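Subject: Structure for you to look at

Hello,

Please find the structure below, with notes on what turned up in it. The notes start with the salt bridges and then go on to the sheet and the helices.

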Amino acid sequence: MKTTKDLYFDWAATAPVDEDICREATEVALTYYGNPSSEHLQGSESKKILEEARERCATTLGVNAGTLYFTSGGTESDHIPLLALLQRPAPGTVIISAIEHPAIREQAHMLKHQGWKVLEAKPNSQGIVSPQTIENLLTDDTVLVCLMAVNNEIGTLQPIYQVANMLKDKVKITGKRRVKLHVDCVQAAGKVPLCLNYPGIDSAAFSAHKIGGPRGVGLLYLAQKQEVYVRGGGQEGGIRSGTENIAGAWALSRCMEKYYIAGEFSKNGTKNNDTASRFEIKKPTPIQSATYERYLRQQSYTADFINTLKNMGATLIPERTSEDFSPWIVQAAFKGLPGQVLVRALSEKGIAISTGSACSSRKISRPVLEAMGIDKELASRGVRFSFGFSTTKESMETLVQELREITKLFA
């Protein structure tokens, strides 16, 4: 008999914890109880563990340890670069994609109360925001562009590297300072290949609980240190004050080490914002090889799942006409079956799915689908299936079987 955990298909909301890593982190919490800012032995021991975790993350991500800062989660890691704008002497313009996570979308719009102008870059019918769309919105006072790497509701891979290239090319044309780029990598890390040290990515956000770590800990990458708006005791290089979560940082670093999939670009760079032919998967480390193989298998599992949904008469949101999608997230709608009804019907069978972002689950509107121009009635029927490391082909077949039974009742 399958357990509820086997039939968990809401990994985009949160991942079941990696039990070995979290047990190890508990031992870290019990053993290293000193405040890492304290000068006594216990404090020094905790500080050592914290820096080991930072170095492990840096090695995995391919960046300097001095560019990484532990935070309370993905939301705070998204907020810090946005709130830093309030240090500027005069308001300017921020460009965000219209399908950003609420952590970016809602905080960006709060900047309007401080005189900032926030422009939204609309996606195409595939849910992809093109570099050209963002370029068309650039103004003389634009200082920051926010574009997520993988959308949390529909799984689209956004062209973050092409946008970075475009922003660099604009400097050559205009001679003005480069607009900075912030990338929300929460749904990308450990799920799809990433190249964090790509020139032009100025900051990036990560979250532990999306890759098997505990809740309440995240990571912020800053290519260059910046002045921050929220201040305190000066921990984390003054970027994120507050006593550090030693055990959480340790768990995050171990999850990164185990699950991160690194990509790289050729040294010759790219031309005309086209990176597709030059992006390669780095040879996985021994500890990551199983994760990479699992990623390849999920591509096959998801392709079969999508074909089955189509044969059942489901409508994919959006229709996938390219490969620019994460294999871990699929959004679909079933005729005559409201999304909330399907979620509850499957839940009664021990199967977990969602209607979209957990951060927006209590809201009637679907901002991501609305931005894509999806019909409201279709959007109301949309549900999100999201998979993870322990999802099996057999469990996905069970999901399909139960979907067939439920949808028959509404045919």
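Lys172 and Asp169 lie 3 residues apart in helix α6, so about one helical turn separates them. Their side chains meet in a salt bridge, at 4.0 Å from N to O. A salt bridge here is a side-chain nitrogen of Lys or Arg within 4 Å of a carboxyl oxygen of Asp or Glu. Lys172 is exposed, with a relative accessible area of 70%, while Asp169 is partly exposed at 28%. On this scale buried means under 20% relative accessible area, exposed means over 50%, and partly exposed is in between (1.4 Å probe, protein chains only).

Before going further: this is a predicted model, in which local features need pLDDT of at least 70 and side-chain atom pairs count only at pLDDT 80 or more, while totals for chains, interfaces and linings use all residues. Residues are numbered from 1 along each chain as its sequence is written, and side-chain values use heavy atoms, with hydrogens and water left out.

An α-helix has 3.6 residues a turn, so residues three or four places apart point the same way. Helices (H or I, at least four residues) and strands (E, at least two) are DSSP runs, numbered from the N terminus.

Arg54 and Glu51 are 3 residues apart in helix α2 (residues 41-61), about one helical turn, and their salt bridge is 3.0 Å from N to O. Arg54 is buried, with a relative accessible area of 7%, whereas Glu51 is partly exposed at 27%. Glu19 and Arg23 are 4 residues apart in helix α1 (residues 19-31), again about one helical turn. The closest N and O atoms of their salt bridge are 3.5 Å apart. Glu19 is partly exposed, with a relative accessible area of 40%, and Arg23 is exposed at 52%. The count of salt bridges comes to 23.

Next, the sheet. Its 7 strands form an open sheet in the order β1-β7-β6-β5-β4-β2-β3, with mixed pairing; two strands pair if DSSP finds at least two bridges between them. β1 (68-71) and β3 (117-121) are the edge strands, each pairing on one side only. From one strand to the next, the twist averages 20°. β1 pairs with β7 (residues 218-222) in the antiparallel sense over 4 bridges, and Phe70 stands opposite Leu219 in β7.

Two helices lie across strands of the sheet. Helix α6 (residues 160-174) lies across β4 and β5, at about 170° to β5. Helix α3 (residues 74-83) lies across β1, β2, β4, β5, β6 and β7, at about 160° to β6. Axes are lines fitted to C-alpha atoms, for helices over the stretch in contact (heavy atoms within 4.5 Å), and angles run from 0 to 180 degrees between N-to-C directions.

Last, which residues of helix α9 (residues 339-347) are buried? They are Gly339, Leu342, Val343, Ala345 and Leu346. Seen down the axis of α9, these fall within an arc of 165°, so they line one face of the helix. The arc is that of the directions from the helix axis to the C-beta atoms. The buried residues of α9 pack against α11 (376-380), β12 (382-386) and α12 (393-408).

Regards
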